[in-house]
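I opened my notebook to go through this structure piece by piece. Here is what I looked up, entry by entry.

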Amino acid sequence: MTSNTPVSDQLFDRARSLMPGGVNSPVRAFGSVGGNPKFMVSAKGAYLTDADGQEYVDLVCSWGPALLGHAHPAVLDAVHAAVDRGLSFGASTPDEANLAEIVKDRVSAVERLRMVSTGTEATMTAVRLARGFTGRNLIIKFAGCYHGHLDGLLAAAGSGVATLALPGSAGVTEATAAETLVLPYNDLDAVEAAFAAHGKNIAAVITEAAPANMGVVTPGEGFNAGLSRITTEHGALLILDEVLTGFRTGYAGYWGLTGRQEGWAPDLLTFGKVIGGGMPTAALGGRADVMDFLAPVGPVYQAGTLSGNPVAMAAGVATLSNATPEVYAYVDARSLELSAALSTALDAEGVDHSIQRAGNLFSVAFGTSAKGVHNYDDAQGQESFRYAPFFHSMLDSGVYLPPSVFEAWFLSAAHDDAAMNRIIEALPAAAKAAASA
Ligand code: PMP
């Protein structure tokens, strides 16, 4: 039983007196599932160890970065070697171009890349760049998509904003909110209508390549391609946010799985998470003519003291170098195996649900089998009260799930038979708990 973790409880009490909610990122607080969060002290492969010495199979994987598994030896070696050379120079270093070249080779829509430190910075810069390039103000985003905590994109955002059931965020001015048009996901007619009404003022459409912050939602057939067509017709840009999906759902991200074959390309893409292999690195990239609007070449300013940090670059290069096509095939197969076992366990207890999938990312949505989940309204309409007992049953069996039903489940190349068996053996009891909620 992992519910009895007194050291974590003490650490949480201390943290609460020092930090808002005791955390530095809201979903970590277990707000929607209840109970005290576990404090982690180490991670290796598919496992996390908490401050009480309890071990969990990890299905969060640092919210995405740990694609290879935690503390992969090649990544640790590269990081140790970089640390030995110094932590930060405030000047250019060779690995920045090495990482940029790897990204460019894998994602042909990237002609130029700029490194930043977080996904939020990447999308914030992409939005500013789109405005600077087009000379227009309005941005379209979709309800339930999360792009980080920049003011203009917090309206109807997913992730922690959805988990806390907030409409947006206090502190965002009306003037800023008025520059974002929020549309229902998977609805191209709504996009056409917005462009018919405001086309001359729309700088960009930003969308998650496949939404994974309202739970996972599959982009409908032709949806992303339609966004590309409509933005191109109206002289606006398409920003494809691959912070979560990039280098996780496939060798060239979600666009590489879908859009590249369909024959369209986004104007800008944003990356985070896997690109830094667990270190704080993110990036934006895309068309050279647009990217060259960034300073020092162009008039759109962006900068960062720790951008392209040498330790983070070393982690990114080592992670992507080891993220081979075989790694993706392995994670894809494990993802199918786990989602099938999850469905079987829930069916056995008569728990109505749908599995929402985008490549190897998936999530469960309770009480949605009749209609599926195609947008934020569908996601919010589910029987989310079934998740807390399900989550705690899994936690008690030594499986660490995302502490919110609105998040994806993350697997890694280190999820071997032993790790998978532990998860699969825990599912029947958790399904029973969900059924009796
Ligand atoms: N975009 C997407 C699609 C994300 O999932 C996230 C984070 N989960 C972000 C942007 C923001 O990234 P960060 O938390 O690194 O600021």
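I began with strand 4 and strand 10 (residues 282–286), which pair in the antiparallel sense over five bridges. I noted the terms: two strands pair if DSSP finds at least two bridges between them. Strands (E, at least two residues) and helices (H or I, at least four) are DSSP runs, numbered from the N terminus. In this pair, Met115 stands opposite Ala283 in strand 10.

**Entry: the ground rules**

I wrote down that this is a predicted model, where local features need pLDDT of at least 70, side-chain atom pairs count only at pLDDT 80 or more, and totals for chains, interfaces and linings use all residues. Residues are numbered from 1 along each chain as its sequence is written.

I then followed strand 6. Strand 5 and strand 6 run parallel, joined by four bridges. Phe142 stands opposite Leu183 in strand 6. Are the residues of strand 6 buried or exposed? Thr180 and Val182 on one side, and Leu181 and Leu183 on the other, are all buried. A residue is buried if 20 or more other C-beta atoms lie within 10 Å of its own, exposed if 12 or fewer, and partly exposed in between; C-beta atoms are placed from the backbone.

**Entry: helices across the sheet**

Two residues are in contact if their C-beta atoms, placed from the backbone, lie within 7 Å.

**Entry: Gly286**

I picked Gly286, which is found in strand 10. Why does Gly286 count as buried? Gly286 counts as buried because it has 27 C-beta neighbours inside 10 Å. Leaving aside neighbours within four places in sequence, its contacts include Ala109, Pro266 and Met291. The C-alpha atoms of Gly286 and Thr270 are separated by 8.7 Å, with the two residues 16 apart along the chain.

**Entry: around the ligand**

I counted 16 residues around the ligand, and Gly119, Thr120, Gly148, Val243 and Leu244 come nearest. Near here puts the C-beta atom, placed from the backbone, within 6 Å. Helix 4 gives the largest share of the shell, three residues.

Strand 3 (residues 55–58) and strand 13 pair in the parallel sense over two bridges. There, Asp58 stands opposite Tyr400 in strand 13.

**Entry: the whole chain**

Last, I looked at the protein chain, which has 16 helices and 13 strands. Buried residues make up 54% of its 437 residues. Its C-alpha trace spans about 55 × 55 × 45 Å along the principal axes.
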